[in-house]
Amino acid sequence: MEIFQSQKKAPTADVVSALPTYRSVPHLEVRLEDFERYALDRCRVLNGISDGLSRGKKPDEMDKLVHGLWKDNMGPQYASETFYKDIISHFALRLSYCRTEELRKWFLSMETTLYRYRFKNESTKAQRALMEEFGLPCKSVSTTEFEAMKEKLCQVANSTGQPLPIADAPYFKVPFEEVPELVAGRKVFIHKGHAFVAMNQVVSLVVTQFRSDLSKALVLASRKWTTTIREKEKDRLTPIVEGLCTSYVGPDYSQPKESGEISIKDIDQVANSSFPLCMRHLFAKLREDHHLKHGGRMQLGLFLKGAGLKLDDALTFWKAELSKKVGAERFDKEYAYGIRHNYGKEGKRTDYTPYSCQKIISSTPGVGDHHGCPYRHFSEENLRAALGKMGVGSRPLEDVMEKVRNRHYQLACTLTFEAIHGTSCDAGINHPNQYFSDSQRILASKNQSTM
């Protein structure tokens, strides 16, 4: 990687913290492929955090999760490369996620959570250095003042399960409005408009400042993107930036995995047992209407390809269905080319990849379309009926509907998977072909155990 003109030096052994404040845009030069690669690695971290929060993981579980995600995707590397990767990936995603209110809200929440757990794992010396760098409005509590307030501080500590205050442990006095999280939880003693914050609580103060800074920066970035950067970089950077927030960062399902091949004679049985709801719905509509619009054919066709349906079988399958509506001659003229194209046998001969959950969720089906994500695009009544038909019981169905109402569509699909297969799916469902592959593996294991 070639990086020049850095305003801030990479951390050395003498620097107490490698955690940046992200307050100023770095003046760096980086190759486009590194720009995109770093951003996608950070996407994996943020998506993992989002999944953990959606699943209601406890703070200690989240701490372990964040540590593992960061280690797996952002390191280990040389300290200088890790530092630059951290900086570049943050600002790359800031550009991508600044463009709409919904994207800004998600990015702000995930980055704030990431910063919280990274800060908590810094040394006390590093934490104090970051507090100083943020310029937080706090003052160290003197020994005299601490002794005067010690009884009150002990009462607060006892009521919240915090360690009892001792003279050697630093306390900070800050305006109470700077720590709304601690005030709302009644975790600090307030005296004359100031909150007395223990060292193990300053993460709340730092995170509040970080969130405020990032929120303002995202709005400014959005304006600059719209007025200047997007048009200026339309042939180079813009396509990368606009694609980052919907990029799939999981395994490649362009070719079938361990599930092997599926044949036409078994496809109905496999669809009933192992297709996710989005593909099951498309498959049923194709069987019922003998036709799907382009978006539906692409979504289902690429899924079947990734599930192991060979090109010759795909042509036979689609012809058998579509010709009932359009006739064999029209199928050969208008539809067969598209199927061969998806398999990389026509046009640019690109081996197209099946759609990820993120791509399907972000689609916008029109009237008469059947593609998209049922958890997002179905009415509640239709979704309940579809889930009931799949065999989801009443209790797990309510759990699924709760996730749908909170717009956690992939987690809703994960809970559906767990309810149907009677097993947990800790990794979450991120791709329809992952759902299919995992389902086939579980069913095969159950069949072997009963033999």
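## Sheet pairing

Strand 2 (residues 171–175) and strand 4 (residues 194–198) run antiparallel, joined by five bridges. Within this pair, P175 faces H194 of strand 4. Strands are DSSP runs of E, at least two residues, and helices are runs of H or I, at least four, both numbered from the N terminus. Two strands pair if DSSP finds at least two bridges between them.

This is a predicted model: local features need pLDDT of at least 70, side-chain atom pairs count only at pLDDT 80 or more, and totals for chains, interfaces and linings use all residues. Residues are numbered from 1 along each chain as its sequence is written, and side-chain values use heavy atoms, without hydrogens or water.

The open sheet has four strands in the order 1-2-4-3, with antiparallel pairing. Strand 1 (139–140) and strand 3 (189–191) are the edges. Each has a single partner strand, so one side of each lacks a neighbour in the sheet.

## Around S274

S274 belongs to helix 10 (residues 267–274). S274 counts as buried because its relative accessibility is 0%. Buried means under 20% relative accessible area, exposed over 50%, and partly exposed in between (1.4 Å probe, protein chains only).

The S274 side chain makes a polar contact of 2.8 Å with the side chain of Q440. Another, of 3.4 Å, links the side chains of S274 and S273. A polar contact is a pair of N or O atoms within 3.5 Å; within protein, one must be able to donate a hydrogen and the other to accept it, and residues adjacent in sequence count only if both atoms are side-chain atoms.
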